[in-house]
Amino acid sequence: MIVTIDGVAASGKSSVSSGVAQALGVPYVSSGLLYRAVTLLGLEAGADLADPAALLPLLSGVRLEPLASGNRVWNDDHDLTADLHSTRVDGGVSTVAALPEIREWVDAQLRALPAPLVAEGRDMGTNVFPHAPHKFYLTASPRVRAERRARERPEDIPAIEAALTERDRQDTTQSAPAPDARIIDTGPLTLQGVIDTILNDLR
Ligand SMILES: Nc1ncnc2c1ncn2[C@@H]1O[C@H](COP(=O)(O)OP(=O)(O)O)[C@@H](O)[C@H]1O
Ligand SMILES: Nc1ccn([C@H]2C[C@H](O)[C@@H](COP(=O)(O)OP(=O)(O)O)O2)c(=O)n1
C-alpha cells in the first residue's frame, strides 16, 4: 500500500506523514529532502544550480534513509540532514527542482523503495506513484504557514511568508493536486487533527 501526501511549502507534509506512517507502522519518505540534498551539494561545490551536468556527478553517494521518526539523507558516510533546512537551501531548491534530469534521478530513488510506505512532496500522487490508492493534498494560507515555519527559522514572519509565496510560484508546475487526492485545509486543524483526518479516511 502507498499513501501519498502532497502539498504546498510548509503545509505540514513531513510532520503529518511521519505521524501517519508511525500510526500505520510503515516508513515515510520525504522527496523534498532529496531535492534539498542536491541543492546543498551543488552549493558546497560552487556548481551552477541550473546545470544538471554539473549536479549529477555529485550524487553518486547520496542515499535517503526513510526512518518513520524523521528521514535522514547521507552522502557516503556524511549525514547531510541537519543542513538541509537552511534559508540558503530554501533559496536554491526550486531552481534544482525545475530540472527534468534531477527530477528523474529523485523519482528513481523513490520508486526503488519497497512498499508499503507514505510518500510526501509535490508530485507523489500525480507523477511518482499515480496508482497509489490513497492520496492527500495539504494546504493552508501563506500567513498560517509562515507563522508555523517562523518557529523553526531565524527570519521574521513577513520575510518567511514572502519566501514561501515565491517558492510556491516557482514550484507551480509540479505542485498540482492529483485529481483523485483529498484536499485538506490544515489551517483550522491541529497537527494531530490532520493526522487523524487522514487515518480516519484510510479506515
Ligand atoms: N495543523 C497543522 N498541520 C500541519 N503542521 C502543523 C500544524 N500545526 C503546526 N504544524 C507545524 O508546521 C510546521 C511545518 O510542518 P512541516 O511538516 O515541516 O511542513 P512541510 O513538510 O510541508 O514543509 C511543523 O513544525 C509542524 O509541526
Ligand atoms: N516531490 C517534490 C518535492 C519537493 N520539490 C521541491 C519543491 C520545494 O521547493 C523543494 C523542497 O521541498 P520540501 O517539501 O522539503 O519543502 P517544504 O518543506 O515544503 O518547504 O523541493 C519538488 O519539486 N517535488
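Student: Where does Pro116 lie?

Tutor: In the loop between helix H5 (100–111) and strand S6 (117–121). Helices and strands here are DSSP runs, numbered from the N terminus: H or I of at least four residues, or E of at least two. Residues are numbered from 1 along each chain as its sequence is written, while chains are lettered from A and ligands numbered from 1 in the order written. This is a predicted model, in which local features need pLDDT of at least 70, side-chain atom pairs count only at pLDDT 80 or more, and totals for chains, interfaces and linings use all residues.

Student: What makes the bond between Ala115 and Pro116 a cis peptide bond?

Tutor: Its omega is about 5 degrees. Most peptide bonds are trans.

Student: How confident is the predictor, in pLDDT, about the protein?

Tutor: pLDDT is the predictor's confidence in each residue, from 0 to 100. The average is 96, and 100% of the residues score at least 70. ipTM and pTM are both 0.96.

Student: Why is Ala10 called buried?

Tutor: Buried means 20 or more other C-beta atoms within 10 Å of the residue's own; exposed means 12 or fewer; partly exposed is in between; C-beta atoms are placed from the backbone. Ala10 has 26, so it is buried. Ala10 sits in the loop between strand S1 (2–7) and H1. Its phi is positive, about 60 degrees, although it is not a glycine.

Student: Is Asp76 buried or exposed?

Tutor: Asp76 has 8 C-beta neighbours inside 10 Å, so it counts as exposed. Asp76 also has a positive phi, about 55 degrees. Its loop runs between strand S4 (72–75) and strand S5 (78–79).

Student: What makes a nonpolar core?

Tutor: Buried Ala, Val, Leu, Ile, Met, Phe, Trp, Tyr and Cys residues, joined through C-beta atoms within 7 Å. The largest has 42 residues; Leu34, Val38 and Val96 are among those touching the most other members. Helix H2 (residues 31–45) gives the largest share, seven residues.

Student: Which residues come nearest to ligand 1?

Tutor: Gly12, Lys13, Ser14, Ser15 and Arg148, of 17 around it. A residue is near if its C-beta atom, placed from the backbone, lies within 6 Å. H1 gives the most to this shell, four residues.
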